[in-house]
Amino acid sequence: MISSLAIIAFAALIHTSFQLSVSMLTLLSGHAIGSKTAHTKLIRLTGGFSLGVAVMTLLLLTFTAFLLQHSFGNNVPLIAWAVCCGLLFGLGIAVWIFYYRREKGTSLWLPRTMARYLSDRTKATKQSAEAFGLGLTSVIGELLFIFAPIVVSALVLIQLQPFMQLIGIALYTAISLLSLLIVGGLVGSGHKLSHIQKWRENNKRFLQFAAGSGLLVLGFYVYVEQVMTATAMAHGGL
Amino acid sequence: MGKAIDIIKRDGQRPTEPFQREKLHASIRAACLSVRTPDGEAETIADTVCDAVIVWLETKPEVTSSDLRRKATETLHQHHPDAAYLYKHHRLVM
């Protein structure tokens, strides 16, 4: 059970290293501070945005777990684990190659029209409810990369007892929000956005390497634990 | 300002529009406020940058929005490097 929760926690750590939501939160805060929004309203906006991200992450994880449980029951077939490992390996390499664009700033892989749309929506966001919707959207926008950590967590979750499933879901959601909470806390406590953005830009290659490597390591671990061990046991090797 | 200057928008994809001091002033002021600069100081810096950009514009027959942004960033950098960084990179955040 500890290793199941460790897989979920590690997958959530990989999730939190993806940067679309953080970029949108940085922009949202920048526009709010730049237009002299009151501090309490700034906190409400960043809080609404983070809540939106949390809700959509929760929904995606539980929906994926529901679909997988409906398909496989509590016993996940070997082929599903193998496919999941392939997904993790493939996305790990994709993150290494594509995640950030080769230009200044922290431009992501997103098509430019979509990035511009999200940027314009962020600029137009003035109310907490809009910020909540923006948070929901940011998770959907990042779906291509967070899909693998969510699927592996869902596969692990459906094998747990119901109470542990709740703990696993809460753990995943809480850890996946860490980067947003850190940036939200820094903005709320008066840090300069330029310093936050400079840090993100200076460390983007490290974050990209860490996220890609994390996906590969997780894929390898899951492969050894779920595929190789089960295969060896089936052949009487262990 | 002696003559009206038309600004060619990004890559010529959007229609050309005349230079508007207020628009530049608002964006510079917002960049300064974003890095927690006091209101009065942000106003002064925005005025200084706008004046410098207008003097530069007088020497140009036509200007693209990228040129305008580059010149504004250079001038802003002399007065407030943090604000200049955000002003320069705000389209490259995501």
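User: How many residues of chain A are in contact with how many residues of chain B?

Analyst: In this predicted model, 26 residues of chain A are in contact with 13 residues of chain B, where contact means that the C-beta atoms of two residues, placed from the backbone, lie within 7 Å. The largest share of the side of chain A that touches chain B, eight residues, comes from helix 2 of chain A; helices (H or I, at least four residues) and strands (E, at least two) are DSSP runs, numbered from the N terminus. Residues are numbered from 1 along each chain as its sequence is written, while chains are lettered from A and ligands numbered from 1 in the order in which they are written. Local features need pLDDT of at least 70 and side-chain atom pairs count only at pLDDT 80 or more, whereas totals for chains, interfaces and linings use all residues.

User: Which elements does chain B have, and in what pattern do they follow along the sequence?

Analyst: Chain B has four helices and three strands, and along the sequence they follow the pattern β-β-α-α-β-α-α. The three strands form an open sheet of mixed pairing in the order 2-1-3, two strands being paired if DSSP finds at least two bridges between them. Strand 2 (17–18) and strand 3 (63–64) of chain B stand at the edges with a single partner strand each, so one side of each has no neighbour in the sheet. Strand 1 (residues 6–8) of chain B runs antiparallel to strand 2 of chain B and is joined to that strand by two bridges, with Ile7(B) opposite Glu17(B).

User: Which residues of helix 1 of chain B are buried, and what covers them?

Analyst: A residue is buried if 20 or more other C-beta atoms lie within 10 Å of its own, exposed if 12 or fewer, and partly exposed in between, with C-beta atoms placed from the backbone. In helix 1 (residues 21–34) of chain B, the buried residues include Ile28(B), Cys32(B) and Leu33(B), and their cover includes helix 2 (20–34) and helix 10 (193–202) of chain A as well as helix 2 (39–57) of chain B.

User: Which residues touch the most other members of the largest nonpolar core?

Analyst: In soluble globular proteins, nonpolar side chains tend to be buried together. A nonpolar core is a set of buried Ala, Val, Leu, Ile, Met, Phe, Trp, Tyr and Cys residues joined through C-beta atoms within 7 Å. Here the largest one has 77 residues, and those touching the most other members include Leu88(A), Ile28(B) and Cys32(B).

Methods. Expected span 1.5 Å × (residues − 1).
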